[in-house]
Amino acid sequence: MVSRIKDPVWAEYVLLPAENGKAARVQCIHCDHTFAQSGSTRLRSHIIGGLGVTKCDQVPDEVVAKYSGRVTAVRNQPSILAAFGSSRVLTADAAVAEFVFEEGLAFAKVESPAFKRMLSAVSKCPGYSPPKRTRLSTTLLSDAFDRSKVKVQPIVDAATSSVGNTPGYSLCSDGATDITSRPLVNVVLTSASGNVFLNAHDTSGKKKKAKFIADLLADHLEALGPDHCVLVVTDACVPELA
Ligand SMILES: [Zn+2]
């Protein structure tokens with residue numbers, strides 16, 4: 001059996017597993033561009049350009065430089081720098097592992113594109129200190145919210161208009177509880193162009209009866225334009241039937 005060493009360029013990608021009959025794809029951690037799983041030459045080309053592959057427009061220059069030159073390592077003769085480097089890598093691996101274990105995170109979180117983007121950004125700021133929780137819960141949260149609104153707006157536009165060949169949208173809702181035990185009703189738009197989490201309504205002090213849920217969904221339908229809604233999906237828990 002021949003085992004192959006994975007090309008280092010895979011560090012710039014995450015593998016999106018095959019699902020719903022679709023083949024596995026790879027996603028660039030810098031620009032989120034995805035393409036069919038392919039050889040490392042194509043993966044390198046997206047980072048450094050060439051070979052008719054779309055060049056990444058988000059990748060930092062130093063990452064491009066890393067893959068631009070062909071560096072051939074002499075086998076079994078690691079340099080002193082490489083030896084020190086590998087002990088630093090082991091320390092970093094242990095720190096990441098402890099963070100995941102202590103915070104009770106799912107192991108798969110270390111493969112998330114957001115986690116890799118975070119590490120990539122932090123590694124460029126020696127002596128970096130993370131933001132305080134107040135800034136995280138105010139400025140940084142609203143900035144991230146604004147960025148995601150811009151990102152998902154084209155999906156909502158495509159699903160709620162006659163432009164293109166998307167067959168409209170479905171509105172789905174279900175009850176949930178947030179980390180402070182507030183009762184929520186989540187509303188999600190699903191469509192051929194993508195899925196968008198529209199809102200988590202805080203229903204504290206209100207009875208989640210059928211009329212209340214219907215009014216809430218009607219408001220969403222009104223805002224989105226009801227003409228292209230093909231389906232409204234909600235569950236049938238006892239309060240929602242009442
Ligand atoms: Zn990219």
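## Terms and model

The expected span of a helix is 1.5 Å times one less than its number of residues. Helices (H or I, at least four residues) and strands (E, at least two) are DSSP runs, numbered from the N terminus.

This is a predicted model, in which local features need pLDDT of at least 70, side-chain atom pairs count only at pLDDT 80 or more, and totals for chains, interfaces and linings use all residues. Residues are numbered from 1 along each chain as its sequence is written.

## Confidence

The predictor's confidence in each residue is given by pLDDT, from 0 to 100. The protein has an average pLDDT of 83, and 86% of the residues score at least 70. Over residues 71-75, however, the pLDDT is below 50, and this stretch has zero contacts in the model beyond near neighbours in sequence. Two residues are in contact if their C-beta atoms, placed from the backbone, lie within 7 Å.

## Overall organisation

The protein contains seven helices and seven strands. Read from the N terminus, its elements follow the order β-β-β-α-α-α-α-α-β-β-β-α-β-α. Of the contacts with a separation of 6 or more, 42% are between residues 24 or more positions apart.

Of the 242 residues, 10% are buried. A residue is buried if 20 or more other C-beta atoms lie within 10 Å of its own, exposed if 12 or fewer, and partly exposed in between; these C-beta atoms are also placed from the backbone.

## The nonpolar cores

A nonpolar core is a set of buried Ala, Val, Leu, Ile, Met, Phe, Trp, Tyr and Cys residues joined through C-beta atoms within 7 Å. In soluble globular proteins, nonpolar side chains tend to be buried together. The largest core in this protein has nine residues: Tyr13, Cys28, Ile29, Leu43, Ile47, Cys56, Val59, Val63 and Tyr67. Helices α1 (40-48) and α2 (61-68) each contribute at least two residues to this core. Another core, of seven residues, lies apart from it and includes Tyr169, Leu171, Val185 and Ile213.

Cys56 belongs to the largest core. Leaving aside neighbours within four places in sequence, Cys56 is in contact with Cys28, His30, Cys31, His33, His46 and Ile47.

## The four-stranded sheet

Strands of a sheet pair through backbone hydrogen bonds, either parallel or antiparallel. Here, two strands pair if DSSP finds at least two bridges between them. Four strands form an open sheet of mixed pairing, in the order β6-β5-β4-β7. Because β6 (194-202) and β7 (229-234) stand at the edges with a single partner strand each, one side of each is left without a neighbour in the sheet. From one strand to the next, the twist averages 20 degrees.

Nine bridges pair β4 with β5 in the antiparallel sense, and Leu171 stands opposite Leu189 in β5. These two strands form a hairpin with five residues between them, and Ser181 in the turn has a positive phi of about 65 degrees. Strands β5 and β6 also run antiparallel, joined by eight bridges, and a hairpin connects them through two residues. Leu189 stands opposite Val196 in β6. By contrast, β4 (residues 169-177) and β7 pair in the parallel sense over five bridges; the bridge partner of Cys172 in β7 is Val233.

## Helix α6

Helix α6 lies across β4, β5 (183-191), β6 and β7, and runs at about 135 degrees to β4. Axes are lines fitted to C-alpha atoms, for helices over the stretch in contact, and angles run from 0 to 180 degrees between N-to-C directions.

The 15 residues of α6 (residues 210-224) should span 21 Å at 1.5 Å a residue, which agrees with the 21 Å between its end C-alpha atoms. Just after α6, Gly225 takes a positive phi of about 95 degrees.
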